Amino acid sequence: MNQFYKNLAIWLIISLVGLLILTQLKKAPEDITLVRYNDFLHMLSEGHLSQTVSIKNNTITWYTSENKKFQTVIPPQNDTVDQLLKAGVNLEVQEEQKPHWFMQTFLSWIPFLLLIIFWFFFMQRGGAGGGGGAGKAMAFGKSRAQLVDTQHPEVTFDDVAGVDEAKEEVSEIVDFLKNPDKFTDAGARIPTGVLLYGEPGTGKTLLAKAIAGEAGVPFYSISGSNFVEMYVGIGASRVRDLFLVGKKNAPCIIFIDEIDAVGRHRSATGGGGNDEREQTLNQLLVEMDGFEANDHVIVIAATNRQDILDPALLRPGRFDRQVLVPLPDVAGREKILRVHGRKIKAGQDIDWATVAKGTPGFSGAQLASVVNEAALLATRCGNPTVSMAILDQAKDKVMMGAERRSMIITEKEKRVTAFHEAGHALVAWMLPGADPVHKVTIIPRGRALGLTMQLPQEEKYSQDRTFLNNNLCTLLGGRLAEEIVFSEVTTGAGNDIERASDIARRMVCEWGMSEVIGTLTFRPADPLHGQPGQIMSEATAQIIDAEVKKLVSAAYDRAKNILLEHRAILDAMAKALLEKETIGRDDIEQLVSEHRR
Ligand code: ADP
Ligand code: ZN
């Protein structure tokens, strides 16, 4: 609708300007010689003006025999006409040529018209819903189209893979949008609000679009963070606008991404409070409550922090249907890979099931980018199709960041990195309950100087204590190898240590894996989301610290023993890494068997 008025205004302005230019062009000056009045009198007395002379207002025009045009302007109240008559020239009196009355009125109205058009134009943008004056003023110059994104998606359920349960849950909404009267006639109450929740990149936006695409209705989307701006009142007026647009274009879908930006638990903000967010949230609740059964607007919101949402949002009549969009399992990953694989030239050797197995924990978005990266890589190398090897490279890139081969690393640093990674890999290799080592590399990627990649054998949804303890050992293996070989430590293990401490602390405080603490949770404070920590006594805090430390030291000792016992393999692995930069599972297998003999 907005677009229509915008186009209309633009065309009106263009045609007006065109008209103005045309009228100006018509008045283009001719080749006229202007003669002074006394010269004219002289010419008259000399008898030079033999041909017809025309008078129009106070201008006299005549032509010479060479057909040159002359003009003079006569002073008011004089006897020129008499003189002309006396001289016996052919006098032709012309009436003043007025522009057509229509043109004249039109031209004089142009500025006014322009004003009206502009006024209309800005009314359209400034928020039809009225709202605070501030809202209008601030929205000025910032097209609402940027905030509310209108689409008519062509995405269908076929494009969303690996989330069959979620699709099933929302399929009813598609039926409703396609044929709303059937439902309302039957007196059925269709949820107006649907909350999609799940990790980032699992396809929540995609699913919402697919609902609109399947039903063939428009899709209006806005991000929660767009609602919350510096100026109080804007968020609320934007919510009003959004719902107004939605109701006008029903049946349709309104999609609010990152709803947690507005809908965070009200107490979670702690002290000060945030008036703007609260107002926006209240407006959202008011709008959702104001829906009538025949409004035929479905509001879909997405979040990855469902736990921090204000309960008011989830009450009946609001976002009362919650649909989990989970990370895909191995079968789901294969389906997603196939969906995206359709868009590229896939080579004969591609086995999507194997790729799916090698990408545990990947989200749909990450899988999509693996396929896309592979296509890019293939093009860059001049390959006509994407091969399995290229897919593998692309997978590494998405998983660990782009290789930084250009990074300059000293020989010493390289050696330390080689031993560090070999330390991780060796410990992981020797621990039966740990994830198998898939690949070790000392090519810098992202911020890491090297990487040891482990791949679980099967999907895991929970982890046992043995696995976590092994994980601690593996994490500490890097630092330990440095210590053993160089009798010196570097900052390279910072991230490992941080992760190990985090795991150990959670084992004690969240997962009840310490006998001393027992099965009690001690949630730490979460300042980011404004959650205060659980209250505990000083004594408990000390016990927790001691328990965490105990877990880490035990892992440290175990890892150290492994490295000392298999020092020869450690050396051989580091040497292989320095030579080849990347070694795989087969290389390690061979290395280990050689040195065990
Ligand atoms: P979210 O909204 O959950 O963060 P998106 O819907 O924005 O995730 O996903 C981003 C992109 O990742 C999609 O456009 C799509 O290309 C891909 N993608 C994510 N999930 C899936 C899926 N289940 N099936 C197919 N593609 C997916
Ligand atoms: Zn490390």
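Predicted model: local features only at pLDDT ≥ 70, side-chain atom pairs only at ≥ 80, totals over all residues.
Arg567 counts as partly exposed, at 31% relative accessibility, and its side chain meets that of Asp571 in a salt bridge with an N to O distance of 3.1 Å.

**Salt bridges**

- Arg567 and Asp571 both belong to helix 22, where four residues, about one turn of the helix, separate them.
- Asp571 is partly exposed as well, because its relative accessibility of 30% falls between the limits of 20% and 50%.
- The count of salt bridges comes to 19.
- Asp159 and Arg342 form one of them, with 3.9 Å from N to O.
- That pair links distant parts of the chain, 183 residues apart: Asp159 sits in the loop between strand 6 (149–151) and helix 7 (164–178), and Arg342 in the loop between helix 14 (330–341) and helix 15 (352–357).
- Asp159 is partly exposed at 26% relative accessible area, whereas Arg342, at 58%, counts as exposed.
- Another salt bridge joins the side chains of Arg506 and Glu510, at 3.3 Å from N to O.
- Arg506 is partly exposed at 33% relative accessibility, and Glu510 is partly exposed at 35%.
- Asp392, Lys395, Asp396 and Lys439 are linked in a network of salt bridges.

**Zinc site**

- Three protein donors lie 2.0 to 2.1 Å from the zinc ion (ligand 2): NE2 of His420, NE2 of His424 and OD of Asp496.
- Along the chain, these donors follow the spacing H-x3-H-x71-D.
- His420 in helix 18 (residues 411–430) and Asp496 in helix 20 (residues 494–509) are 76 residues apart, so the pair links distant parts of the chain.
- His420 is buried, because its relative accessibility of 6% is under the 20% limit.
- Asp496 is buried too, with a relative accessible area of 8%.

**Helix 19**

- Helix 19 (residues 465–486) has 22 residues and should span 32 Å at 1.5 Å a residue; its end C-alpha atoms are 32 Å apart, so the two values agree.
- Helix 19 also has a kink of about 40°, centred on Gly477.
- Because 18 of its 22 residues are buried, helix 19 is largely enclosed by the rest of the structure.

**Backbone details in loops**

- The peptide bond between Ala250 and Pro251 is cis, with omega about -5°.
- Pro251 is placed in the loop between helix 11 (234–248) and strand 9 (252–257).
- Glu258, a residue other than glycine, has a positive phi near 50°.
- The loop between strand 9 and helix 12 (260–263) holds Glu258, which is partly exposed at 36% relative accessible area.
- Glu581 is not a glycine either, yet it has a positive phi of about 70°.
- Glu581 is found in the loop between helix 22 (567–580) and strand 14 (582–584), and it is partly exposed with a relative accessible area of 23%.

**Nonpolar surface**

- Trp109, Phe112, Leu115 and Ile116 make a nonpolar surface patch of about 440 Å².
- Leu115, one of these residues, lies in helix 4 (residues 101–125).
- Leu115 counts as exposed, because its relative accessibility of 56% is over the 50% limit.

Note on methods. Residues numbered from 1 in each chain as written. Chains lettered and ligands numbered in written order. Heavy atoms only, no water. Patch = residues over 30% accessible without salt bridge, like charges linked within 9 Å, V, L, I, M, F, W, Y side chains within 5 Å. Areas by Shrake-Rupley, 256 points an atom, 1.4 Å probe, with all protein chains shown as cover. Salt bridge = Lys/Arg side-chain N within 4 Å of Asp/Glu carboxyl O. Helix = DSSP H or I, 4+ residues; strand = E, 2+ residues; numbered from the N terminus. Buried < 20%, exposed > 50% of the residue type's maximum accessible area, 1.4 Å probe, protein only. Expected span 1.5 Å × (residues − 1). Bend = angle between axes of the 7 residues up to and from the residue. Donors = N, O, S within 2.8 Å, 3.2 Å for Na, K, Ca; no water.
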